[in-house]
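User: Hi! Could you walk me through this one with me? I'd like to start with the charged side chains.

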Amino acid sequence: MNEESNVNHGRSILIKAILIFPILWIVLTLFNGVSFWHSTILGIALLVISYLGDMMLLPKIGNMAATIGDVLLGFIVLWGDYICLDIRILWEKHFLQGYS
């Protein structure tokens, strides 16, 4: 094994988790009223997707491009979740309200 392939995955995931979870908890839970568990599940999904993306892209395209990719990926995941959450809330509000 060469030096470049010897990666401490646990430490890398921990550092990424320390950066992702507090930001999601503060921004989503405190400022936008999203439940703690929803933001935690979203953080886990974002952590796994971005870490796997880093493992595949970082060696090939470099640090700056991988960082830009992480930002875009985070935006896409959070925006997609916002749209899904908004659609779910509208569905519950308009369709399930008649059955109560």
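User: Which side chain does Lys16 meet in a salt bridge at 3.0 Å?

Analyst: That would be Asp54: in this predicted model, the side chains of Lys16 and Asp54 form a salt bridge with an N to O distance of 3.0 Å. The pair links distant parts of the chain, with Lys16 in helix α1 and Asp54 in helix α2, 38 residues apart.

User: Are Lys16 and Asp54 buried or exposed?

Analyst: Both Lys16 and Asp54 are buried.

User: Why does Lys16 count as buried?

Analyst: Its relative accessibility is 15%, and buried means under 20%, so Lys16 falls in that class.

User: How many salt bridges does the structure hold?

Analyst: There are 2. In the other, Asp70 pairs with Lys16, and the closest N and O atoms are 3.3 Å apart. Asp70 lies in helix α3 and Lys16 in helix α1, so this pair ties together parts that are 54 residues apart in sequence.

User: Which residues are linked in a network, then?

Analyst: Lys16, Asp54 and Asp70 are linked in a network of salt bridges.

User: And why is Asp70 classed as partly exposed?

Analyst: Asp70 has a relative accessibility of 24%.

User: Good. Let's zoom out: how many helices and strands are in the protein?

Analyst: The protein has 3 helices and 0 strands. Reading from the N terminus, the order is α-α-α.

User: What share of the residues is buried?

Analyst: Of the 100 residues in the protein, 22% are buried. The protein exposes about 7800 Å², and carbon and sulfur atoms supply 72% of that area.

User: What about contacts between residues at least 6 apart in sequence?

Analyst: Of those contacts, 57% join residues at least 24 apart in sequence.

User: How do the lining residues of the largest pocket divide by type?

Analyst: They divide into 13 nonpolar, 5 polar and 3 charged.

User: And how much space is in the second largest pocket?

Analyst: The second largest pocket holds about 200 Å³. It has 10 lining residues, with Leu28, Asn32, Leu78, Asp81 and Tyr82 nearest its centre. Helices α1 and α3 each supply at least two lining residues, and α3 gives the most, with 6.

User: What types line the second largest pocket?

Analyst: Its lining has 8 nonpolar residues, 1 polar and 1 charged.

User: One more topic. Where is Ile23, and is that residue buried or exposed?

Analyst: Ile23 sits in helix α1, which covers residues 9–32. Ile23 is exposed, at a relative accessible area of 54%; the cut-off for exposed is over 50%.

User: How far apart are Ile23 and Gly43 in space?

Analyst: Their C-alpha atoms are 9.3 Å apart, and the two residues are 20 apart in sequence.

Notes:
Residues numbered from 1 in each chain as written. Predicted model: local features only at pLDDT ≥ 70, side-chain atom pairs only at ≥ 80, totals over all residues. Heavy atoms only, no water. Helix = DSSP H or I, 4+ residues; strand = E, 2+ residues; numbered from the N terminus. Buried < 20%, exposed > 50% of the residue type's maximum accessible area, 1.4 Å probe, protein only. Contact = heavy atoms within 4.5 Å. Areas by Shrake-Rupley, 256 points an atom, 1.4 Å probe, with all protein chains shown as cover. Nonpolar A, V, L, I, M, F, W, Y, C, P; charged D, E, K, R; others polar. 1 Å grid on protein atoms, 1.4 Å probe; cavity = no way out; pocket = protein on both sides within 12 Å on 5 of 7 lines; lining within 4 Å. Points joined across faces, edges and corners; volume = space filled by probe spheres on them. Salt bridge = Lys/Arg side-chain N within 4 Å of Asp/Glu carboxyl O.
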